[in-house]
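Look at the model first, then read on.

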Amino acid sequence: GLRGAVLAAGTAFLGATIAVQGLAGSISLAADFERELNVFRVTAGASADEMERVGEVARELGRDISLPGVSAIDAAQAMSLLARAGLDVGDALEAARGTLQLATAAQIDNAQATELVANALNAFRLDGTEATRVADLLAGAANESQGSILDMGIALRQAAAAASVVGIS
């Protein structure tokens, strides 16, 4: 009797503890997502309508199975970093997928991928819609050489200023 009561209480307590930890984790993730969206709003100067779209795109990217390991928070962070790099709201939205694809392909973090993509977009005055093309070109160059995608991005950054001066697109 007593032993059964202790085991039953222990199981109930264990179940409640697991439930509370799961709820706390969910609340923490939601708070992190909202914080990243607020960072984007302030950085990009986005309107309420634009922020609705930003949240929607971030959640879509987080659910996209072609981007393994990418969460909605990762997508919101990538958009925030793109906005910090000077892209407007529309370009940041358009560039997020390509940036996350680059991070996944190169096995680098979002900040490094964002820097590579933003440098190329800004240096060659490209729209955010070109981010996937930039990611593909960096990956293709790395595949054809002994360098990594990160190496190709650094080389592109170093060559971009000279290319711009002489008018190379």
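Two residues are in contact when heavy atoms lie within 4.5 Å. The model described here is predicted. Take contacts between residues at least 6 apart in sequence: in the protein chain, 58% of them join residues at least 24 apart.

**Overall make-up**

The protein chain has seven helices and zero strands. The order from the N terminus is α-α-α-α-α-α-α. The chain holds 169 residues, and 32% of them count as buried.

**The core**

The largest nonpolar core has 40 residues. Which of its members touch the most others? They are Phe 40, Val 54, Leu 61, Met 79, Leu 100, Leu 102 and Leu 121. The most comes from α4, with eight residues.

Beyond its neighbours within four places in sequence, Leu 121 contacts Leu 87, Ala 95, Leu 126, Asp 127, Gly 128, Glu 130, Ala 131 and Val 134.

| Pair | Angle between axes | Axis distance | Crossing |
|---|---|---|---|
| α3 and α4 | roughly 120° | within 9 Å | right-handed |
| α4 and α5 | about 125° | 8 Å | right-handed |
| α5 and α7 | about 25° | 10 Å | left-handed |

Start with α3 and α4. Their axes cross at roughly 120°, so the two helices are oblique to each other. On the α3 side, the contact uses Asp 74, Ala 75, Ala 78, Met 79, Leu 82 and Ala 83. On the α4 side stand Ala 92, Leu 93, Ala 95, Ala 96, Thr 99 and Leu 100. By class, this contact has ten nonpolar, one polar and one charged residues. Met 79 and Leu 100 take part here, and both are among the core members that touch the most others.

Next come α4 and α5. Their angle is about 125°, which makes α4 oblique to α5. From α4, the residues are Ala 95, Thr 99, Leu 100, Leu 102 and Ala 103. They meet Asn 110, Ala 113, Thr 114, Leu 116, Val 117 and Leu 121 in α5. This contact counts eight nonpolar, three polar and no charged residues.

The last pair joins α5 to α7, which spans residues 149–166. Are these two helices roughly parallel or roughly antiparallel? The angle is about 25°. Angles under 35 degrees count as roughly parallel, and α5 and α7 are therefore roughly parallel to each other. Gln 112, Glu 115, Leu 116, Asn 119, Ala 120 and Ala 123 form the α5 side. The α7 side has Ile 149, Leu 150, Gly 153, Ile 154, Leu 156, Arg 157, Ala 160 and Ser 164. By class, the residues divide into eight nonpolar, four polar and two charged.

**A loop residue**

Thr 129 sits in the loop between α5 and α6. Its relative accessible area is 48%, so Thr 129 is partly exposed. Thr 129 and Arg 97 are 32 residues apart in sequence. In space, their C-alpha atoms are 9.4 Å apart.

How values were computed:
Residues numbered from 1 in each chain as written. Predicted model: local features only at pLDDT ≥ 70, side-chain atom pairs only at ≥ 80, totals over all residues. Heavy atoms only, no water. Core = buried A, V, L, I, M, F, W, Y, C linked by side-chain atoms within 4.5 Å. Buried < 20%, exposed > 50% of the residue type's maximum accessible area, 1.4 Å probe, protein only. Helix = DSSP H or I, 4+ residues; strand = E, 2+ residues; numbered from the N terminus. Axes fitted to C-alpha atoms, helices over the stretch in contact; angles between N-to-C directions. Parallel < 35°, antiparallel > 145°, perpendicular 65-115°, else oblique. Left-handed = near helix turned anticlockwise from the far one by under 90°. Nonpolar A, V, L, I, M, F, W, Y, C, P; charged D, E, K, R; others polar.
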